[in-house]
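Here is a quick tour for someone meeting this structure for the first time. Have a look at the sequence and the model, then read on.

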Amino acid sequence: MRGRAPMVTATRRSGLVGVLLALDVGERRVGVAVSDALGILASPVKTLTRTTTAALLEDIAELVREYRAEKVVVGLPKTLRNTHSRQTQKVTSFADNLMKALDVPVVLWDERLTTAEATRILRGPDDGRRKGTSAKRRKRVKDNVDQVAATLVLESYMAAQRSGAASPSLGDA
């Protein structure tokens, strides 16, 4: 052999810097997903249960520290007509509080239909309406749908960043 092949090092792509944490914020539960440091893979992490806003903010701050996240992506629930609903306003208000509680940027990202898609993914080929669907299977879907939805939000955000799409900031929501 003539020598060693040059060592290949991973570089950060423009717009994707470090680990991202994504949240699918619901009335009772918040799904959490995290990316790898290169912004290629998104993985479900856990589902947080809402008790108080302060406790939820602390739980999320702890996850940001644990994963060394450099940005938090919050799913913004718009209507199918791309308008804001009461839930959109609640999530925007929560994101405002999150931005004040964290030392990393917080961005809002369109999450339309992610929960429906996550439910479809978890149910698999059986749509869950067939007679004989087990209570155990329904519980598995319920327990995991929020974190899978957060994963879909994160995948969408990372794909848009790779394609050069503009990312809305908290004020753009």
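Start with Q147, a residue of helix 4, which covers residues 135–163. Keep in mind that you are looking at a predicted model. Is Q147 buried or exposed? Its relative accessibility is 11%, and because buried means under 20%, Q147 counts as buried.

What does the side chain of Q147 reach? There is a polar contact, at 3.1 Å, with the side chain of T47. Skip the neighbours within four places in sequence, and Q147 touches G31, V32, A33, P44, V45, K46 and T47. For orientation, strand 2 spans 29–35 and strand 3 spans 42–49.

The side chain of D146 has its own polar partner: the side chain of R29, at 2.7 Å. Setting aside the neighbours within four places in sequence, the contacts of D146 are D24, R29, V30, G31 and T47.

Now move along to A150, again in helix 4. Its relative accessible area is 0%, so A150 is buried. Which residues does A150 touch, beyond its neighbours within four places in sequence? They are A22, L23, D24, G31, V32 and A33.

## Two loops worth a look

I40 belongs to the loop between strand 2 and strand 3. This residue is partly exposed, with a relative accessible area of 44%. Together with L38 and L41, I40 makes a nonpolar surface patch of about 260 Å².

The other loop lies between helix 1 (53–67) and strand 4 (71–76), and that is where you will find R68. At 69% relative accessible area, R68 is exposed. What is the phi of R68? It is positive, about 55°, although R68 is not a glycine. Most residues other than glycine have a negative phi.

## The chain as a whole

Zoom out and you can count 4 helices and 5 strands in the protein chain. In what order do the elements come, starting at the N terminus? They run β-β-β-α-β-α-β-α-α.

The chain has 173 residues, and 39% of them count as buried. Its accessible surface comes to about 10,400 Å², with 52% of that belonging to carbon and sulfur atoms. As for contacts between residues at least 6 apart in sequence, 67% join residues at least 24 apart.

How confident is the predictor overall? The protein chain averages a pLDDT of 78, and 65% of the residues score at least 70.

One stretch to treat with care is residues 1–16, where pLDDT stays under 50. The model has 16 contacts beyond four places in sequence for these residues. Where pLDDT is low, the predicted coordinates should not be read in detail.

Key:
Residues numbered from 1 in each chain as written. Predicted model: local features only at pLDDT ≥ 70, side-chain atom pairs only at ≥ 80, totals over all residues. Heavy atoms only, no water. Buried < 20%, exposed > 50% of the residue type's maximum accessible area, 1.4 Å probe, protein only. Polar contact = N/O pair within 3.5 Å; in protein donor to acceptor, adjacent residues only side chain to side chain. Contact = heavy atoms within 4.5 Å. pLDDT = per-residue confidence, 0-100. Areas by Shrake-Rupley, 256 points an atom, 1.4 Å probe, with all protein chains shown as cover. Patch = residues over 30% accessible without salt bridge, like charges linked within 9 Å, V, L, I, M, F, W, Y side chains within 5 Å. Salt bridge = Lys/Arg side-chain N within 4 Å of Asp/Glu carboxyl O.
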